[in-house]
Amino acid sequence: MSTAMPAQISLADVDVSFGSKTVLSGLNFEVFKGEVISIVGASGCGKTTSLRLLAGLLAPSGGSVSFEGKPVRGPRRETAIVFQDYGKALLPWRTAEGNVSLALEVMGVPGPERRSRISELLALTGLAGHHDKYPAQMSGGMQQRLQIARALAQDPAVLLMDEPFGALDAMTRQSLQDELLDLSARTGVTIYFVTHDLEEAIYLSDRIIGLLPNPGRIGRIFDVPLPRPRDQLITKEDRSFLALRHELYDFVKGSEH
Amino acid sequence: MIRFTQIASFALSLLVALALIGLWHFVASARLVPPIFLPLPEKTFDALVTGMQNGVLLDASLATLRRMFFGWFLACLAGISLGALVGSSQKLRIYVAPMLETLRPLPASSLIPLFIAVIGLSEGMILGVIAFGALWPLLLATTHGIVSVEPLLIEVAQALAMPKHKVLWKISLPSAMPDILAAMRLSLTVSLILAVVCEMLTGSEGLGQWLLATSRAFASTKMFAGIVVLGLMGYASSLIMNLVEARALKWKSAAN
Amino acid sequence: MSARKPDFRPFAVPLGLVLLWEALMLAFPTASETLAPPHAVILGFFGIVTDGTLALQTAQTLSSALGGLAIGFTLGSLLGAAFGLWRWFDRAMQISVESVRLIPSVALIPLSMMVFGFGTRMEITIVAFTTQWPAMVLARAAVREVEPRLMEVATVLQMSLLQSATKIVLPSILPRLFVSLRLTAGVAMIVAITVEVAANPYGLGAAILAAQISFRPEVMLATLIWTGVVGAGINQVLLTTQNRLFRHSLPGGGGSE
Ligand SMILES: Nc1ncnc2c1ncn2[C@@H]1O[C@H](COP(=O)(O)OP(=O)(O)OP(=O)(O)O)[C@@H](O)[C@H]1O
Ligand SMILES: [Mg+2]
C-alpha cells in the first residue's frame, strides 16, 4: 500500500496485560483505509485480544490506539465486529430481520427506511427469503452471513472479523471468502481478519501480520503480491501464493518453539 | 400423524376425567363417604350454576379474580423493575442479593399479620400482601435472567455503542424472558393463594370468605362449587400463561 | 496467596435497615402499639424462648410440615415415576391431574377443617395434597431423563419390573429425587404456615397472628423472624446434605427443574 496515505488505524507501542500476565507487547502497526489485513499466529498468542483492542472493547495497558488520528476511547459505530462464536453472537429471540434491525435501531434509522435496508443487506449476504427465520433455524453458514449482514448494517468503515469462517465446511467457507472479497472491492471497507488458516489469510489479504507468542508481539509483516480480483483456483495455484504459504508455514511452525 | 395421536390422547384423557367424575358420583351416591364431605357431582354443578345465576358466587369469584389480578400486576411491575435494577448493577447485587436470597423462603402468608398491623384491615392491605408475596419470584428470576445473559451479546451491544438503557431493553430483558415468564406463572399461583387466604382472614367478599362461610354452615355443595371455581381459575391462568409463553418464546421452540 | 478477607458488604444494608427501624420507632413512639423496635423484638424473642412457647409452636409446625411432606413426597414421587415410565398412563391422566393439581391448596382448608376439625391432621392433609404435585412433576422429569442405554441394559438382561426399578431407575434418579425433596420441603413449610395463618389455631403461623391480635408486636415480629430462620435452616441442611451426597452426580448444581 502507498505510504503517503495517512493510516486509518494506528497502534503505537501498545502493551496489554491482564494482572501480571503480559498478553501483547510493543505492538506497532498501521492499517490503511480499504485494505484487507490478516493476522495469524499460534493459538493463544493474542489475536483475539488485538481485535478487541482495535474495537475499543479493551483499553491498552500501555501505548496508544488511534482511529483516524484520534485516540480510541471505546467502541465506535464506524467499527463493526463479526465474532467467532456466531451461535452466541446473534439474538436468539429475534428473526434474521430483527437481528439486522438491531444495528439499524441503534443507529436511529427510521422504521420505513429500516425495512428496505434490511432487505438489501439480507439479499447482499445471500439470505433473501430467510427474513423470518430464527437463528436456531439456520445453518452455521447462514448464521455467519447474518452476523455479517448485521455488521454491515452499521455501515462500518472497518470490519473486524475473528476467525469468522473457522467452524464452517470447506465449500461454505470458500464462497463466503469470495463474497467478502467482493464486498471489500465494492464498498472499500477496511477488513481486519483474524484466522488460523494460512491459505485463507493469503487468499484474502493485502498484508498479513504474523504474531509471535509469549508475550504476543509482531514477528513479521508479510506483503501479499497477488493481483486482484482473486480466484479460488487460479490464485491458489500461483507461484507466489505457494511461496508465501511456505514462508508463513515456517514462520508459524518456528514460533511454536 | 402427530395431530392424530394428539387428538387421540386428548380424547383418552378426557374420557378418563369423565370416568373419574363417574367414580365420584358412584362413591357419593353409595355413601361410601358421608355426603357432607363429598356431595354428588351433579349437586355441586347445580350449586355452581345457581350461585352464578343469583350472582352471589359470581360476585365472590369476580372479587377474588380482581384481587389476584391487580396484586399480580403490581407484583410484575415492581418485581421486574427491581429485578432489572439489581440485575444491572454488580455493586447493588453485592449489597442486597444475599439479603434477598435469605428472605426468599419466608412464607408470604406469615407477613399478613404484619401488614394488618401496619396498614390495618383494608382492601389496600390485601393488595399489598398479594403484591409483596408475588413479587419475590419475579424479582429473583429477573435478576437471575439478567445476570446470566450471554456475555458475548453484551459485547455485541457494546460494539454497537448501545447506551445502557437500550442494552437492558433490547438485550438483557428479552434474554431473561424465559425466566421472567416462568416466574410470572408462579406469581399468579401465589397471588390466587394469597387472595383466598386474605379473604378468609378479613372476611372480605370473595371465594375465601365463601368457602369458610359455606363450610361453617355445612353447605357442602356450595363449598364444593367454590372449590371448583378456584380450580377453574387456576386452570385458566395456567392455560393463559401457556399461550403467552408459546407466543413470547416462539424462538425457543423454533429450533426443533 | 493470603487468606481471603471476609466480605462484610452483604451485612451493610440489613444492619442499616435495623438501625433505621430502631431510630424510627424512637422518633414515633406512638407506633409501638402495632410495631416494636428491634431491641424489644430481641427481648420478646428471649421471652418466648424461655417460657417454652416458641419450642412448642415450632414443634407443632414442623410435625405438620414434615408429616405432610412425608406423605405428599412419597405419593407424588411414586405417581411421577409411574407417569415417567408409562407415557400412555401420563397422557390418559393428563386432564384429571391438571385440573386437580391447579386447585389452589388453600381452597381445601375449609373442607379439611370440616373433616378433621382443627389440629395436626387437617394441616397434614393440606400439606400432603400440595407437596405431592411438585414431587410428581420432578419425579416424572427425573425418570424420563434416565439414560436410555441403561434401560436397554435392563431389557437385554431381561430384568423384571421390580429389578429394573430398584437396580436401574431408582439409583439413577436418586440425586434428582433428593433435589425434589429439598424443593418440596420448602413448599411444605410455606403451606403449613399458610394454613396456620388462615385457619388452624396451631403452630408458628397462628402464633404470629395471635400476637398481632393481642397487640404484642414484639412477639409477632420475633416469631415471624424465627419462622424465616427455621425455613432457611431446613433448606440449608438439605442443601448441605445434597452437596455431600450427590456432588458428583448433579452437574450444574442439579437445580434443573
Ligand atoms: N480477559 C482476560 N483475562 C486474562 N487473560 C486473558 C483474557 N483474555 C485473554 N487472555 C489471555 O490472553 C492470551 C491471548 O488470548 P487470545 O484470546 O487473544 O488468543 P488468540 O490468539 O485469539 O487464541 P485462539 O487462536 O485460541 O483464539 C491467552 O493466553 C488468554 O488466556
Ligand atoms: Mg481467538
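**Loops, a sheet and an interface**

A: Helices (H or I, at least four residues) and strands (E, at least two) are DSSP runs, numbered from the N terminus. This is a predicted model, where local features need pLDDT of at least 70, side-chain atom pairs count only at pLDDT 80 or more, and totals for chains, interfaces and linings use all residues. Residues are numbered from 1 along each chain as its sequence is written, chains are lettered from A and ligands numbered from 1 in the order in which they are written, and side-chain values use heavy atoms, with hydrogens and water left out.

Q: Is the peptide bond joining A:Arg228 and A:Pro229 cis or trans?

A: Cis, with omega about -5°. The bond from A:Asn214 to A:Pro215 is cis too, with omega near -10°, and A:Pro215 lies in the loop between strand 9 (207-212) and strand 10 (217-223) of chain A.

Q: What's phi at A:Asp155?

A: Near 55°, a positive value in a residue other than glycine. A:Asp155 is in the loop between helix 5 (140-153) and strand 7 (158-162) of chain A.

Q: Switching topic: what's the strand order in the open sheet of four strands in chain A?

A: 2-1-4-5, with antiparallel pairing; two strands pair if DSSP finds at least two bridges between them. Strand 2 (21-31) and strand 5 (70-71) of chain A are at the edges with a single partner strand each, so one side of each has no neighbour in the sheet.

Q: And how many bridges between strand 1 and strand 4 of chain A?

A: Five, linking residues 9-18 with residues 62-67. A:Asp15 stands opposite A:Gly62 in strand 4 of chain A.

Q: OK, chain B. How many helices and strands?

A: 11 helices and zero strands. Its C-alpha atoms fill a box of roughly 70 × 60 × 30 Å along the principal axes.

Q: How much area is buried between chain B and chain C?

A: About 3,900 Å², with carbon and sulfur atoms giving 82%. That's accessible area (1.4 Å probe) lost by two parts on being put together, summed over both. The contact (heavy atoms within 4.5 Å) takes 46 residues from chain B and 46 residues from chain C.
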